[in-house]
Amino acid sequence: LGDPGLVLPYPRGTVDVTVEDDRLPPGDVVRFCAQVHGPPAGTAHVTFEIERTELARPMTPWTLDDTGWEETVAANHESANDKVVWSTDVSYEGGGFGLSFVVPPDTPRRDHHVVVYAEDGAIDALGQALVRVRLE
């Protein structure tokens, strides 16, 4: 299906993400190590994301009779597609790095993912690890 001449730009490398404790309550610290099998040095874009099928933020109700409903629909669309709860960029060398961050206190109690996209301008790599945010 599709155009066989169009090659999708999937990352060429992988990132092994190892989380120290994958069951945490909100407000606790996520600690992880990332081993990059791709660029040995560069920038890693790290995100903490909710599952693709979940909503990270509430939707605003609306009806066609509301004035400004178009703006409400646009805002709901943006919120529904924004799965990132926390993010940062990290410079790394030597093929990997370690990082820790606090799970925001208002984070929904669901499965989340630590996602690492590493790149150096020529080569890129992608990996993720599951973190289950639960009550203590």
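User: Where does Val116 lie, and what makes that stretch a strand?

Analyst: Val116 lies in strand β7, residues 111–119. Strands here are DSSP runs of E with at least two residues, while helices are runs of H or I with at least four, and both are numbered from the N terminus. A word on the model: it is predicted, so local features need pLDDT of at least 70 and side-chain atom pairs count only at pLDDT 80 or more, while totals for chains, interfaces and linings use all residues. Residues are numbered from 1 along each chain as its sequence is written, and side-chain values use heavy atoms, leaving out hydrogens and water.

User: Why is Val116 called buried?

Analyst: Buried means under 20% relative accessible area, exposed means over 50%, and partly exposed is in between (1.4 Å probe, protein chains only). Val116 has a relative accessible area of 0%, so Val116 is buried.

User: Which residues does Val116 touch, and what counts as a contact?

Analyst: A contact means heavy atoms within 4.5 Å. Not counting residues up to four places away in sequence, Val116 touches Val15, Val17, Phe32, Ala34, Ala44, His45, Val46, Phe97, Ala125, Leu126 and Gly127.

User: What makes a group of residues a nonpolar core, and which members of the largest one touch the most others?

Analyst: A nonpolar core is a set of buried Ala, Val, Leu, Ile, Met, Phe, Trp, Tyr and Cys residues joined through side-chain atoms within 4.5 Å. The largest one has 23 residues, and Val15, Val30, Phe32, Val46, Phe97, Val114 and Val116 touch the most other members. Two or more residues come from each of β1 (13–19), β3 (29–37), β4 (42–50), β5 (84–92), β6 (96–102), β7 and β8 (124–133). In soluble globular proteins, nonpolar side chains tend to be buried together.

User: How do you know that Leu126 is partly exposed?

Analyst: Leu126, in strand β8, has a relative accessible area of 40%, so Leu126 is partly exposed. Leaving aside neighbours within four places in sequence, Leu126 is in contact with Pro11, Gly13, Thr14, Val15, Val115, Val116 and Tyr117.

User: Why is the pair of Trp62 and Trp69 called stacked?

Analyst: Rings of Phe, Tyr and Trp (its six-membered ring) pair if their centres lie within 6.5 Å; planes under 30 degrees apart count as stacked, over 60 as edge-to-face and the rest as tilted. The structure has six aromatic pairs. Trp62 and Trp69 are 5.5 Å apart centre to centre with 15° between the planes, so this pair is stacked. Trp62 is partly exposed because its relative accessible area is 36%, and Trp69 counts as partly exposed at 26%.

User: What makes the pair of Tyr92 and Phe97 tilted instead?

Analyst: Their centres are 5.9 Å apart and their planes are at 40°, so the pair is tilted. Tyr92 has a relative accessible area of 4%, so Tyr92 is buried; Phe97 is buried too, at 11%.

User: Asn76 is in helix α1; is Asn76 buried or exposed, and how do you know?

Analyst: Helix α1 spans residues 69–81. Asn76 has a relative accessible area of 10%, so Asn76 is buried. Not counting residues up to four places away in sequence, Asn76 touches Met59, Thr60 and Trp62.
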